[in-house]
Amino acid sequence: MLTAASAYLGLNAQPWVPITSPSSGLLLSCSFVSGDTGWVMQQDNPSGANDAVYKTTDGGVSWTSQVYPPDPAFTGRYFCAVHFVNAEHGIITCNNYYN
């Protein structure tokens, strides 16, 4: 896994530059639809209890935590990957488990 600090953005043959991480967790997945708009999925602890998805619209200068449906009753969730096809439509995959 990559650390959040190692996330870089280099679209359209532009040089890769470091982007600011929204948290100190492990970077699980990222998806950018342009040089400005993208999402990262991070795991803040090994239990998966604080997995989070963040969105940027300014190339990683700032991030907004995204809201997603709650875990089903008596289950937990580990995030796996995030993929967006445009600024409005994407998929987040996860593994649910029973507590």
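Student: Where does Q42 lie in this predicted model?

Tutor: Q42 lies in strand β5.

Student: Is Q42 buried or exposed?

Tutor: Buried means under 20% relative accessible area. Q42 has a relative accessible area of 1%, so Q42 counts as buried.

Student: Which backbone atom lies 3.2 Å from a polar atom of the Q42 side chain?

Tutor: The backbone oxygen of G25.

Student: Let me try another residue. Where is S29, and what surrounds S29?

Tutor: Start with the strand. S29 sits in β4, which covers residues 26-32. Next, take the contacts beyond four places in sequence. S29 touches W39, V40 and M41, and also C80, A81 and V82.

Student: Is S29 buried or exposed?

Tutor: The cut-off for buried is under 20%. S29 has a relative accessible area of 13%, so S29 is buried. One of its polar atoms lies 3.0 Å from the backbone nitrogen of V82.

Student: Now the aromatic rings. How many aromatic pairs are in the whole structure?

Tutor: A search of the whole structure gives two. One of them joins F32 and W63. Their ring centres are 6.5 Å apart, with 85° between the planes. That pair is edge-to-face.

Student: Where in the chain do F32 and W63 come from?

Tutor: From distant parts. F32 belongs to strand β4. W63 belongs to the loop between β6 (52-56) and β7 (64-65). The two are 31 residues apart. W63 is buried, because its relative accessibility is 16%.

Student: What is the geometry of the pair W39 and F84?

Tutor: W39 and F84 are stacked.

Student: Why do W39 and F84 count as buried?

Tutor: Use the cut-off of under 20% again. W39 has 1% relative accessibility, so W39 is buried. F84 has a relative accessible area of 14%, so F84 is buried too.

Student: What about a loop residue? Where is Q66?

Tutor: Q66 is in the loop between β7 and β8. Its relative accessible area is 25%, so Q66 is partly exposed.

Student: Which residues does Q66 contact beyond its neighbours within four places in sequence?

Tutor: W39, V53, Y54 and K55. Sequence distance and space distance are separate things to read. Q66 and K55 are 11 residues apart in sequence, yet 6.7 Å apart in space, C-alpha to C-alpha. The Q66 side chain also has a polar atom 3.2 Å from the backbone oxygen of T64.

Student: Now strand pairing. How do β8 and β9 run, and how many bridges join them?

Tutor: First, a general idea about strands. In a regular strand the side chains alternate between the two faces of the sheet. Now the case here. β8 and β9 (residues 90-98) run antiparallel, joined by nine bridges. A hairpin of five residues connects β8 to β9. Across the pairing, R77 stands opposite N96 in β9.

Student: Which residues does C94 contact, leaving aside its neighbours within four places in sequence?

Tutor: C94 lies in strand β9. Its contacts are R77, Y78, F79 and C80. C94 and Y78 are 16 residues apart in sequence and 5.4 Å apart in space, C-alpha to C-alpha. C94 has 31% relative accessibility, so C94 is partly exposed.

Student: Last, confidence. Where is it lowest, and where is it highest?

Tutor: The general rule comes first. Where pLDDT is low, the predicted coordinates should not be read in detail. In this chain the average pLDDT is 78, and 76% of the residues score at least 70. Strand β1 (residues 2-3) is lowest, at a mean of 40. β6 is highest, at 91. Residues 1-6 have pLDDT below 50. Beyond near neighbours in sequence, that stretch has 11 contacts in the model.

How values were computed:
Residues numbered from 1 in each chain as written. Predicted model: local features only at pLDDT ≥ 70, side-chain atom pairs only at ≥ 80, totals over all residues. Heavy atoms only, no water. Helix = DSSP H or I, 4+ residues; strand = E, 2+ residues; numbered from the N terminus. Buried < 20%, exposed > 50% of the residue type's maximum accessible area, 1.4 Å probe, protein only. Polar contact = N/O pair within 3.5 Å; in protein donor to acceptor, adjacent residues only side chain to side chain. Contact = heavy atoms within 4.5 Å. Phe/Tyr/Trp six-rings, centres within 6.5 Å; stacked < 30°, edge-to-face > 60°. pLDDT = per-residue confidence, 0-100. Pairing = 2+ DSSP bridges.
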